[in-house]
Amino acid sequence: MNREELLELVKQKDDIEKELNELADELKTQNNVGMTEALVDKEGYPRNDIDLVRVRHIRQRVICLQNDHKALMKQIEDGLIQIHENNANNPSNTTVSATTTAPSNTNLPNKEPFLRVDIVSNHSPAETAGLHVGDLVCRIGTIRKDNFRTMQDVASLVNNSENRSITLLVQRANTNEQQTVTLIPKQWFGNGLLGCKLTPLS
């Protein structure tokens, strides 16, 4: 996969996320029925305060889009891995060099980056927190470079922190500026609790 193909996948992902958010807004106009609220009243009759046909259509469309989004994210993840591997094998390839070069902080072991933000989905918790593609993560919660082992550590931290704030120390893309960011993992219309793709720095 080349850069142009990857960018096209990212565009498709953004289009899906845009439609998902539009559908979510429409469900709110249907008496805030959401994806799981009952469509019958307490007596078991169809609710008369919402457009049942439209709500069912929206829910089905959301499920289809979420499946498409999940498949796209897997393709994007595989593409990113391929591009990063190609870049590592060919140092002259500068296609993604802006997001793969870690800063020199050898005298500050707890502030050295160990993760890179490769994807940030629109309207996701990660975007709300202010994360950007290319940001480098120096600390997420209590996880730092010196105690990081696998991405499972990060996944466990995120899953155990649902609806609670996590403090991140990030180095902004293309700069040496480090900032503290507060991220709240939570359910949203996309996949996962963050809506971003974090990749370990090699």
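Contact here means heavy atoms within 4.5 Å. I am working with a predicted model, in which local features need pLDDT of at least 70, side-chain atom pairs count only at pLDDT 80 or more, and totals for chains, interfaces and linings use all residues. Residues are numbered from 1 along each chain as its sequence is written, and side-chain values use heavy atoms, with hydrogens and water left out.

**Entry 1: Leu168 and the cores**

I started at Leu168. Leaving aside neighbours within four places in sequence, I find Leu168 in contact with Leu131, Val137, Arg139, Ile140, Gln179, Thr180, Val181 and Leu183. Leu168 is also among the residues with the most contacts inside the largest nonpolar core, along with Leu115, Leu131, Val137, Ile140 and Val154. For a core I take buried Ala, Val, Leu, Ile, Met, Phe, Trp, Tyr and Cys residues joined through side-chain atoms within 4.5 Å; buried is under 20% relative accessible area, with a 1.4 Å probe and protein chains only. This core has 23 residues, and β1 (115-120), α3 (125-129), β2 (136-140), α4, β4 (166-171), β5 (178-183) and β6 each give two or more of them. I then found a second, separate core of 20 residues, which includes Leu27, Ile50, Ile58 and Ile83.

**Entry 2: the chain overall**

I count four helices and six strands, using DSSP runs numbered from the N terminus (helices H or I, at least four residues; strands E, at least two). Along the sequence they run α-α-β-α-β-β-α-β-β-β. Of the 202 residues, 40% count as buried. Among contacts between residues at least 6 apart in sequence, 62% join residues at least 24 apart.

**Entry 3: the largest pocket**

A pocket, on a 1 Å grid over the protein atoms alone, is an open set of points where a 1.4 Å probe fits, with protein on both sides within 12 Å along at least five of seven lines; lining residues have an atom within 4 Å of a point. The largest pocket holds about 620 Å³ of space. Its lining has 21 residues, and Asn191, Gly192, Leu193, Cys196 and Lys197 lie nearest the centre. I see at least two lining residues from each of α2 (52-89), α4 (151-159) and β6 (196-200). Domain 1 (3-89) and domain 2 (115-200) each supply at least three; the bounds come from an automatic or database domain assignment.

**Entry 4: His69**

Is His69 buried or exposed? His69 is buried, with a relative accessible area of 1%. I place His69 in helix α2. Not counting residues up to four places away in sequence, His69 touches Lys13, Ile16, Glu17, Ser121 and Asn191.

Definitions and conventions:
Points joined across faces, edges and corners; volume = space filled by probe spheres on them. Buried < 20%, exposed > 50% of the residue type's maximum accessible area, 1.4 Å probe, protein only.
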